[in-house]
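Please open the model in your viewer and keep the selection panel at hand. The tour moves from one selection to the next and says what is there at each stop.

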Amino acid sequence: MATSSSSVLQSAWERYYRTLDEMRKLIEATPRFKDNAQNQAKAYHCLIEAQAITYNFVMAPRLMHPRIHTNTSWQTDMYTLGQNGPDFHYGAMFLDGRQTYRLSGHYGDVILFLMQVQNGMPGQKGVSLIGDYNLSTFARGPRNEFEIILSATEQPGNWVKLSPDSRYQFLLTRRVIKDPHDDPGVFRLERISEVPKNYYDDDEFDPVVVAQRLDLATDFVRYMCQGWMIGLYDMYLSNAGGQRNKMTLLAGTTTSQVAASVSNYAMAIFDLKPDEAAIVELPQSPDGLYWSFQLGDAWSRSLDFVNCQTSLNMHQIAIDPDGGVRVILSHRDPGYHNWLDVTGREEGMIVLRNFVAKSAPVPSMRKVKLADLERELPGNMRRVTPAERAQALEHRRTGYLKRYGE
């Protein structure tokens, strides 16, 4: 029996590490790895990050004591594969569809609260989205408090449906706020169906169940490497006909298994030398409840939004006097308010997120010499002094550190 158990675990372990090496070879075979020295070290960084996220999502959660995983999901610059949004306070839940749970708390300054329910983990065979909710529309109390039941059987009032056939399913929440100092609210998760104390002991101590988790980890790390590290870049470039510095439209449901379906996205691969800048323009501002521009690297990792201005949302951006929106990407601060810092990356991603919108605008994007920037832009665009920029950066840094800790 011991030999048989060991064999099950060893087989799962070996498959996981064979897959990791396969993913490494696929990444090294991409042109952006071969042709751009900047991307090579970061690729290995991301491979380790993919393993850390895999542990956080697949091996670490305990079904006996379910909770909302925040700092071990997509937060700050620790875990950012897939280009997490800096204005989203993410939460990941891993629940047993046979049980009943209560999600409660209060909304704080949250302007949009989204939840996606999948009947397993992304990358797992047969897994699909089974529920997509804008929980901001659910009933709440006079002090902005709420209570939601999560179960396979329908419940009165606020209810989210789980799959009764899935013992380990993934729920992703996004609490959208406008400023890093805003209150993301208080959210609590508890299982309200009763189980014996040792009901989920096999999650850690049964060889077959642990081997199943290892197989799930294998599928998930493959999904992140193929779908995000390699796939998102390739998708954006293909959608633009192979052109860089050209933004094109992508609906939320087409970008990845965890993209928000209530959003439309405009995305591009930027390609900028130190003496160049890109001007991104819209004739009028988007009409979404939430919208923002954000930068990522060539492997889909968010650029450092804690310490650098790599993102701007509708609350932070300056609308030009003609009603349009213009954003500048460059290596050096050009002194304009709407600057996005590429943080030394000569190649990476830009995304316009536009949530709960009536229209789906696609910005134009053009590359110019940094020295020519002033004559390429309207003279009445908002500018900032070095002191104002430093103040804005300090506001970002202290806000994110307050929310997530050091």
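Begin by selecting R222, which counts as partly exposed because its relative accessibility is 25% (buried means under 20% relative accessible area, exposed over 50%, and partly exposed in between, with a 1.4 Å probe and protein chains only). This is a predicted model, in which local features need pLDDT of at least 70 and side-chain atom pairs count only at pLDDT 80 or more, while totals for chains, interfaces and linings use all residues. Residues are numbered from 1 along each chain as its sequence is written, and side-chain values use heavy atoms, with hydrogens and water left out.

E22 is partly exposed, with a relative accessible area of 35%.

**Stop two: R15 and D215**

Select R15 and D215 next, whose side chains form a salt bridge of 3.4 Å, N to O. R15 lies in helix α1 (residues 2-28) and D215 in helix α5 (residues 207-239), so this pair ties together parts that are 200 residues apart in sequence. R15 is partly exposed at 30% relative accessibility, and D215 is partly exposed at 29%.

**Stop three: D203 and R167**

Move on to D203 and R167, where the side chains meet in a salt bridge of 3.0 Å, N to O. D203 belongs to helix α4 (residues 202-205) and R167 to the loop between β6 (159-161) and β7 (169-176), so the pair joins parts 36 residues apart in sequence. D203 counts as buried, at 7% relative accessibility, whereas R167 is partly exposed at 27%.

**Stop four: a network**

Select E281, D320, D322, R326, R366 and E376 together, and you have a network linked by salt bridges. The whole structure holds 28 salt bridges.

How many disulfides does the structure hold? There are 0, where a disulfide is a pair of cysteine sulfur atoms within 2.5 Å. Select C46, whose nearest cysteine sulfur, that of C225, is 8.9 Å away. C46 is buried at 0% relative accessibility, and C225 is buried at 1%.

Key. Salt bridge = Lys/Arg side-chain N within 4 Å of Asp/Glu carboxyl O. Helix = DSSP H or I, 4+ residues; strand = E, 2+ residues; numbered from the N terminus.
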